[in-house]
Amino acid sequence: MNNTSANTLSKVPEVTLLFWIIKIAATTLGETAGDAVSMSMNLGYLLGTAIFSAIFLVAVIAQIRAKSFHPFLYWTTIIATTTVGTTLADFADRSLGIGYAGGTSILLALLMASLLIWYRSLGSIAVETVSSSKAEMFYWVTIMFSQTLGTALGDWTADTAGLGYAGSAMIFSALLALIVAAYFWTSLSRTLLFWAAFILTRPLGAVVGDFLDKPVAAGGLALSRYSASMALLVFIVICIVFSKQRAAAKNH
């Protein structure tokens with residue numbers, strides 16, 4: 001392999017089963033940590049969004065400036081998108097009064113627009129091609145929209161649709177199972193299936209996080225948001241340390 005080929009690794013991880021396990025844990029952490037700051041600390045959704053947005057900007061700048069894939073940096077940035085997505089969606093849906101349906105519709109439109117512009121600009125939205133600064137910018141903007149959408153969609157199904165946290169978790173798990181089946185038994189675009197799964201893991205994590213820390217009267221387990229967040233963080237760190245994740249190789 002020559003030097004040119006050796007440098008064709010992207011700056012995002014190889015998509016494996018462990019990738020999805022960490023992703024779901026990270027999205028669940030985003031929900032519990034976001035609620036811990038905005039609710040348990042009584043800082044509110046707006047200040048919580050400002051705090052997590054600052055963390056996200058620092059993380060994404062470091063991620064873009066990095067010369068290669070760094071697991072801890074990547075997953076720190078992912079967690080930052082989930083926490084800011086939680087507080088931002090709650091601020092828009094609740095504080096601004098847009099509502100879950102309105103917030104979900106707006107964010108879905110923004111997400112689709114982001115993917116379309118990315119594709120029109122670079123010719124591919126496959127994660128294996130995320131190696132340039134421009135591709136990374138599209139990647140992280142798209143992820144930010146998907147994480148925020150997931151919070152609104154999770155709240156919509158659990159509260160407005162009346163499915164509850166457990167019922168919503170089963171719905172999103174079933175949809176993810178269909179995507180897995182399509183991956184193994186159909187010839188549908190792997191890129192399309194990846195983004196569908198990536199988007200759906202966020203509302204799954206959101207309703208699981210709410211299930212862990214919401215009051216029993218509201219259908220939750222009433223666990224401490226701090227304890228749940230710390231347990232999830234430790235689990236993610238253990239997974240990263242022992243997984244030896246590799247960067248996704250670009251296809252030629």
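How many residues does helix α5 have, and what span does α5 reach from its first C-alpha to its last? Select residues 99-122: α5 has 24 residues and reaches 34 Å, close to the 34 Å expected at 1.5 Å a residue (1.5 Å times one less than the number of residues). Helices here are DSSP runs of H or I, at least four residues, numbered from the N terminus.

This is a predicted model, in which local features need pLDDT of at least 70, side-chain atom pairs count only at pLDDT 80 or more, and totals for chains, interfaces and linings use all residues. Residues are numbered from 1 along each chain as its sequence is written, and side-chain values use heavy atoms, with hydrogens and water left out.

Next, colour the buried residues of α5, among them Y100, L107 and W118 (buried: under 20% relative accessible area, 1.4 Å probe, protein chains only). The buried residues of α5 pack against α4 (71-95), α6 (133-160) and α8 (190-213) (contact: heavy atoms within 4.5 Å). Just after α5, G123 has a positive phi of about 85 degrees.

Now show the aromatic side chains. The whole structure holds 18 aromatic pairs (Phe, Tyr and Trp rings, the six-membered one for Trp, with centres within 6.5 Å; planes under 30 degrees apart are stacked, over 60 edge-to-face, the rest tilted). Y74 and Y139 form a tilted pair, 6.5 Å centre to centre with 35 degrees between the planes. Y74 lies in α4 and Y139 in α6, so this pair ties together parts 65 residues apart in sequence. Y139 is buried, at 1% relative accessible area. The Y139 and W195 ring centres are 6.1 Å apart with planes at 65 degrees, so that pair is edge-to-face.

Note on methods
Helix = DSSP H or I, 4+ residues; strand = E, 2+ residues; numbered from the N terminus. Buried < 20%, exposed > 50% of the residue type's maximum accessible area, 1.4 Å probe, protein only.
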